[in-house]
Amino acid sequence: MSHQEGDVNREHIHLPRPSVWPLTVGAGASLMAFGVATSLALSGLGLLLLVWGLAGWIQELRHG
Amino acid sequence: MATVASPYPAPAVEELRPSGALRWFTTVDHKDIGILYLVTSFGFLLLGGLEALLIRIQLAVPRNTFLQPGQYDAVFTVHGTTMIFLVVMPILLGLANYIVPLQIGARDMAFPRLNAFSYWLLLFGGLILYFSFLNGTPPDTGWFSYAPLSERPFSLDSSVDYWALGLLVTSVGTIATGVNLLVTIVTMRAPGMGWFRLPVFTWMSLITAWLILAAIPSLTAAQAMLLIDRYLGAHFFDVKYGGDPVLWQHLFWYFGHPEVYIMALPAFGIISEVVPVFARKPLFGYGVVVASGIAIAFLSVTVWAHHMFTVGLGDVADAVFGLSSMTIAVPTGVKVFSWLATLWGGRIHLNVAMLYALAFLLQFTIGGLTGVHFATVPLDWQTHDTYYVVAHFHYVLGGGSLFAILAATYYWFPKITGRLLDERRGRWIFWGMVIGLNLTFFPMHLLGLRGMPRRTYTYDALPGWGELNFAQTIGAFIQAIAIIALVWDVLRSLRRGAAASDNPWNGWTLEWATSSPPPAYNFVALPPIGSARPLWDLQHNVAAVEARPDATRNWRAPIVGILAFIFSEATFFGALIVTFLEYRTRSTGPGPHDLDVPRTLIFSFFLFASSGTVYLAERRLERDDGRGFLPWWVASIVLGATFLVGQLTEYARLYADGITIGTNLFTSSFFTLTGFHGFHVFVGLIALSVVGVLARAGDFRAGRRRVVVDTVSIYWHFVDGIWVIIFSLVYLLGLIS
């Protein structure tokens, strides 16, 4: 199979590392919503999780 | 995804996929996320299917008492909600997640972490919905949750809340996926892949992404209003205070009908991939198929009121929406004829994927034709809320979208797993699905025309009703057996299926140019792309035609992303603004005349000025003047915060005068519209502050990460711009009138 110019080799492949922050932020946002129907304490916990996750996400973007 | 050398050490390929369960909790690989979507949605399909069986057992014979009326209401509500929001739509988005980056020669989606975030919201949103069963309060107001039934006086428990909150969470994820897909396809196409070299499935995914952004925020806005009614005592849909339940229907169906095409357009894309490959002919009328997809998307946001002909909208509205609804059949018919013309004269390979594609053609066309009946107002009046409607949409979603999904399952399973599904068992399953589907849903046409109403938990032993219903129940069980057999076959094939080659079907698009399953990085290299069928060109030694310069490929992904997000926000605010205009003078008591216009105007100037200071800060950054950037940026934060304080003091004054969100329709819509704007300002202030902190840390020196500043700036300008409209309509219009 012929390939076009600018073929990449494996050493130059740059992909993001696995990350726990999308799960953390998603869980935080969902917990905030869930707390509305159950207990606002859960919403508060969700907010904390959300803020923590976003901070981790931003740090990861800065260093990745 | 950049493919140039990174200043940061690139992870070894093995690092990209941790082993064990950790891989699935932390993955940001579009292929893993696609698999998560597919597996999760299939799990929900089993739940939704179980609910369908409960419905069919209850309706198998007249006067049955298998389910109580309340239980029946809950089961059909969650069945509809599950199938639409947690099964068909996410399966199609999961396929797009897996296949689109491969088809365009990209390494991943534009925003891999956002992609994972979207998936988790789907899962958690679904869990919130199903938690309602554990809590003993499943939603029972229908998947459309019509007001005023969904209002607090008629649904006292939390059932509607779980429905609304669960779908709000999944909808945010879906909108994020829409943004991600759109940005990926616009900015990450491989060199040479111009707009008219995109595979049709990718085209349809792009159009679907646009439709998601255009339609779903209307539902989000409606659900926000419903929750504000239920929790804060507003009156949007509360008839006692003049609230209009028909408004809910408008907002819901403005989302609801495009939603049908969100579930149909990717299916059209699948059929447009499968039919040419197994007819060994290029798709007939590639450009027309793409153009008709675009036409369908635009028309689909103009037809919503055909769901409301029995409301009594008036002759003019009925005529307009009847006409637009009939018009949408034209581009849909064009596609059907394109597929038929592709088959004509082809060397047809009748394997299971192709069988499902052919069955799709027939079954979807039946569903489409009965859809035209509903565009004919007198016919709609006769059949509305009967089983004829249920028959129609199950032919569209079952015979249409589901059969396309099953075609895709057999077509792309080898690529995803490296294994082939068994063709012989597949044929048995196929016939089970075809017979089961038609036995379940065809009699519904007859029952509907005989007047059997939908959404009722039982019926009298009228002539023929019992027999037809019993036949449907048998059909439902045949489908269930076929689906269980498919699950078993998938599990068996994963372990013992024949190994698939990289291109088992001799396909022509780029996903077949890599191994099965693809490596984490998708491709080491790409073949020349000179048409929509690069592998066919390669096999036939067709020289690649140079692509015309395509500036869109060079657009910066975050900028396209924020513009796409703003487009969805415009739909959201559009829904709130229309509601405000409808309600601003509808009730007595407090109204626009109670607002302090001069004071708000002064605070608005602070907000408008902040756009200017953001612009000045950006200019400083352009000149790499970090010291000059920060003061203007901080000034923007101060100005924005001042506006927010001004709004809060306005609220405090109104509350001190006894004017609250629950006072009347004006206050409900005023506080909601301006409150959501204030929330956007608040989020914008956080984003500005984060950028400010990063700027101080030197993150933007020497032009690095400028795109972050540009993206936040665009969002801030949007927040300011939308306030010009809101201020004009809420405050200035009040002065004039």
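The largest nonpolar core here takes in 242 residues, and those with the most contacts inside it are B:Ile270, B:Tyr356, B:Trp412, B:Trp633 and B:Phe670. Such a core is a set of buried Ala, Val, Leu, Ile, Met, Phe, Trp, Tyr and Cys residues joined through side-chain atoms within 4.5 Å. This is a predicted model, where local features need pLDDT of at least 70, side-chain atom pairs count only at pLDDT 80 or more, and totals for chains, interfaces and linings use all residues. Residues are numbered from 1 along each chain as its sequence is written, chains are lettered from A and ligands numbered from 1 in the order written, and side-chain values use heavy atoms, with hydrogens and water left out.

**Around B:Trp412**
- Leaving aside residues up to four places away in sequence, B:Trp412 touches (heavy atoms within 4.5 Å) B:Leu95, B:Ile99, B:Gln103, B:Phe201, B:Ile270, B:Glu273, B:Glu511 and B:Trp512.

**Cis peptide bonds**
- B:Ala147 to B:Pro148 is a cis bond, omega near 5°, and B:Pro148 sits in the chain B loop between helices H4 (112–134) and H5 (159–187).
- Helices are DSSP runs (H or I, at least four residues), numbered from the N terminus.
- B:Ser516 to B:Pro517 is also cis, omega near -5°, with B:Pro517 in the loop between H15 (465–496) and H16 (534–539) of chain B.

**Positive phi**
- B:Asn522 has phi near 70°, lies in the H15–H16 loop of chain B, and is buried at 0% relative accessible area.
- B:Asp624 has phi near 60° and is partly exposed at 44%.
- Buried means under 20% relative accessible area, exposed over 50%, partly exposed in between (1.4 Å probe, protein chains only).

Conventions
Helix = DSSP H or I, 4+ residues; strand = E, 2+ residues; numbered from the N terminus.
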